[in-house]
2 protein chains.
Amino acid sequence: MDKAKGSKQKDVTIKDVARVSEVSAMTVSNVLNGSGRVSEATAARIRSVIKQLGYRPSVAARRLRLSRQWTIGMLIVVEDPNFLSDPFTTAQVTGLTNYLTANSYSLILRGMKPSDFRTSGMFQDIEADGMVALLSGNEEQRDLFINELANLNVPLVLLEEHKPRQDMDCISICQNDEEGGYLIASHLVSCGAKQMWTLLPSAEWPAMKARVAGVQRALKEAGVLAPEVIDCGDESYDFTYRATLAALKQKGAPHAIIGGNDQMAIAAMKACKDYGLCVPEDVQITGFNGFDIWRYVDPVLTTVCSAAHALGETAGKVLIKRLHEGRFRQDEITLPVTFQQGSSTFKNNLL
Amino acid sequence: MDKAKGSKQKDVTIKDVARVSEVSAMTVSNVLNGSGRVSEATAARIRSVIKQLGYRPSVAARRLRLSRQWTIGMLIVVEDPNFLSDPFTTAQVTGLTNYLTANSYSLILRGMKPSDFRTSGMFQDIEADGMVALLSGNEEQRDLFINELANLNVPLVLLEEHKPRQDMDCISICQNDEEGGYLIASHLVSCGAKQMWTLLPSAEWPAMKARVAGVQRALKEAGVLAPEVIDCGDESYDFTYRATLAALKQKGAPHAIIGGNDQMAIAAMKACKDYGLCVPEDVQITGFNGFDIWRYVDPVLTTVCSAAHALGETAGKVLIKRLHEGRFRQDEITLPVTFQQGSSTFKNNLL
DNA sequence: CTGAAAGCGCTTACAG
DNA sequence: CTGAAAGCGCTTACAG
């Protein structure tokens with residue numbers, strides 16, 4: 001019955017191999033795991049029986065015995081049900097997965113909306129050796145998820161999010177978004193912009209907040225007006241386009257528009273064009289992230305290249321290290337970002 | 001020692017709950033699984049002990065006992081190490097993951113290059129109840145992976161790939177790419193195009209091949225010249241841009257360029273502009289897939305909307321059904337695609 | 001309504 | 001160099 005239900009018909013176990021090889025199960029186990037001493041003759045015989053019988057060890061049994069899963073869970077919390085639509089997210093997932101695969105770990109992937117939070121017990125079916133989380137939503141919502149993850153009692157890596165409490169078995173891996181915002185704004189100031197907008201989604205991303213903070217720092221240093229925040233609702237093309245167009249109509253064009261990410265910048269660029277403005281002559285525009293997409297538009301976007309793949313890879317690296325060493329060595333790791341000049345801003349960059 | 005290595009300190013087991021509740025372990029199990037009859041008083045007591053002790057059942061133990069994993073594996077084989085960079089891929093992953101999560105299954109994700117194929121035993125660490133695969137590479141390479149997956153002895157779903165052999169416990173889930181190609185080409189013919197190029201990556205995607213076949217069918221029916229295939233090397237922006245520009249210089253502009261997907265069409269559009277051509281006046285351009293990206297460009301791309309999310313969701317649906325029913329009911333499912341008029345082609349569509 | 005026993009497939013000490 | 005025994009944490013018949 002259970003078999004008919006689609007479970008593996010894994011008929012051959014270590015005992016079968018042992019019987020046919022005329023040894024004990026534990027000798028087979030020793031051959032499999034290289035532990036203990038087994039004569040080469042016996043080992044060779046066992047190996048051939050394994051091949052002949054098509055024996056494959058049960059990882060479920062090994063997991064139970066060793067209480068290790070060789071599995072890392074990744075949770076992505078975003079409003080968009082298509083939770084992988086942002087290339088910044090996918091690059092992190094890819095970086096993590098590639099690292100884990102190379103180190104014989106598996107990745108369990110799960111996406112949720114901030115509002116999907118239920119009371120307790122959400123991830124208990126995952127049973128991983130560690131968790132990696134990429135969260136959006138307001139601080140309260142993110143905290144709920146972080147607490148829930150902490151309840152799992154496994155090491156936790158927070159991507160683009162600060163570690164909330166010292167006593168947690170947790171590390172934070174960020175890129176220097178604040179610096180990125182600073183670079184962008186300094187560049188714009190050096191290009192003569194005095195009045196700027198920042199385009200943000202309503203959903204709170206810690207990364208976006210940091211970018212804005214960097215922008216503000218640069219403008220303050222330069223003695224330029226703080227940027228006006230345009231809330232775009234969600235960060236989709238349509239919403240951003242409409243919000244930008246509405247703002248243009250209401251307030252007239254600023255000197256520069258700082259997109260929360262490349263996609264938003266591109267939507268804003270289209271809105272500017274449709275409003276009759278030339279980029280960069282009438283209004284300069286910048287993005288953030290620097291994936292392939294920034295080149296799809298004309299003029300090519302000035303942006304900041306994110307270390308997304310490296311974020312994911314680093315997450316995997318520190319997590320596996322943590323699993324071996326018993327604790328994280330740091331509370332936070334920050335990866336650098338780099339400024340990328342395009343044609344959507346001027347080039348008389350004084351930096 | 002093992003604990004220090006980062007395994008869960010799951011100290012409390014079903015036995016602990018049983019002891020504290022003053023019942024046997026199996027009564028606790030009955031409460032947990034709703035099976036068997038337990039008096040409401042006992043059940044309530046046990047539930048409160050569970051909460052108080054923070055007991056969480058071991059899924060590893062349950063898996064071993066039941067020899068079911070509640071896990072589906074997804075394999076993505078692409079040349080690009082950033083194996084989630086194509087939105088067509090991510091939408092399928094998302095569709096699958098969302099469906100699985102809603103049905104209490106987990107998704108294990110793994111990406112590989114076609115050339116990463118090793119001899120046998122590649123996925124044995126995955127131990128899932130079923131596998132879903134999205135493959136690229138030439139037919140021979142894809143066959144290697146399919147065979148390897150078949151060796152796992154679990155039901156297999158092939159996305160955008162035909163089932164190679166009748167006797168496999170396997171189903172193929174495709175969208176009607178051929179029809180999509182047909183719609184695109186018919187549209188272009190109705191818009192006056194007589195000489196066309198198709199832009200393809202060197203890597204073989206079954207989906208792309210089907211699109212070309214549809215294009216050819218339409219042109220043949222219309223008595224128009226078969227399209228010229230421009231091999232772009234890989235499907236990245238840079239490669240496609242350069243290949244298109246080189247072809248323009250060598251052969252002059254065709255009436256229309258049919259991109260293998262939206263990204264390639266956008267790169268080609270940029271190449272045409274840089275070559276001094278107007279779109280669509282001098283050359284019409286079409287994409288394929290219709291994710292948000294097709295709107296990022298100016299003019300907006302004429303394309304075909306793919307059912308990517310539905311492909312992934314359907315994969316999950318038929319797989320879980322198969323797990324319950326013991327066999328797949330069909331060999332293949334084909335989802336429809338829809339034509340999407342943009343401004344990168346004319347609109348005097350006679351269809 | 002509740003329990004004692006067996007067993008899922010491994011690996012880890014401990015003997016020999 | 002090799003093996004018998006115990007146990008990882010569950011659930012499934014089978015009794016009572």
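Chains are lettered from A and ligands numbered from 1 in the order written, and residues are numbered from 1 along each chain as its sequence is written. Because the model is predicted, local features need pLDDT of at least 70 and side-chain atom pairs count only at pLDDT 80 or more, while totals for chains, interfaces and linings use all residues.

**Stop 1: where the chains meet.** Select chains A and B: 61 residues of chain A are in contact with 60 residues of chain B (contact: C-beta atoms, placed from the backbone, within 7 Å). On the chain A side, look for α5(A), which gives the most, with eight residues. Helices are DSSP runs of H or I with at least four residues, and strands are runs of E with at least two, numbered from the N terminus. Colour that side by class and you find 24 nonpolar, 21 polar and 16 charged residues (nonpolar: Ala, Val, Leu, Ile, Met, Phe, Trp, Tyr, Cys and Pro; charged: Asp, Glu, Lys and Arg; polar: the others, Gly among them).

Stop 2: Now pick β2 in both chains, residues 106-112 in chain B: the two strands pair in the antiparallel sense over three bridges (pairing needs at least two DSSP bridges). Zoom to A:Leu109, whose bridge partner in β2(B) is B:Leu107.

**Stop 3: domains of chain A.** Colour domain 1 (14-66), domain 2 (71-176 + 308-335) and domain 3 (177-306), with bounds from an automatic or database assignment. The C-alpha centres of domains 1 and 3 of chain A are 61 Å apart.

**Stop 4: B:Ala133.** Finish by selecting B:Ala133, which touches B:Leu75, B:Phe145, B:Leu149, B:Leu156, B:Leu158 and B:Leu159, leaving aside residues up to four places away in sequence.

Definitions and conventions. Contact = placed C-beta atoms within 7 Å.
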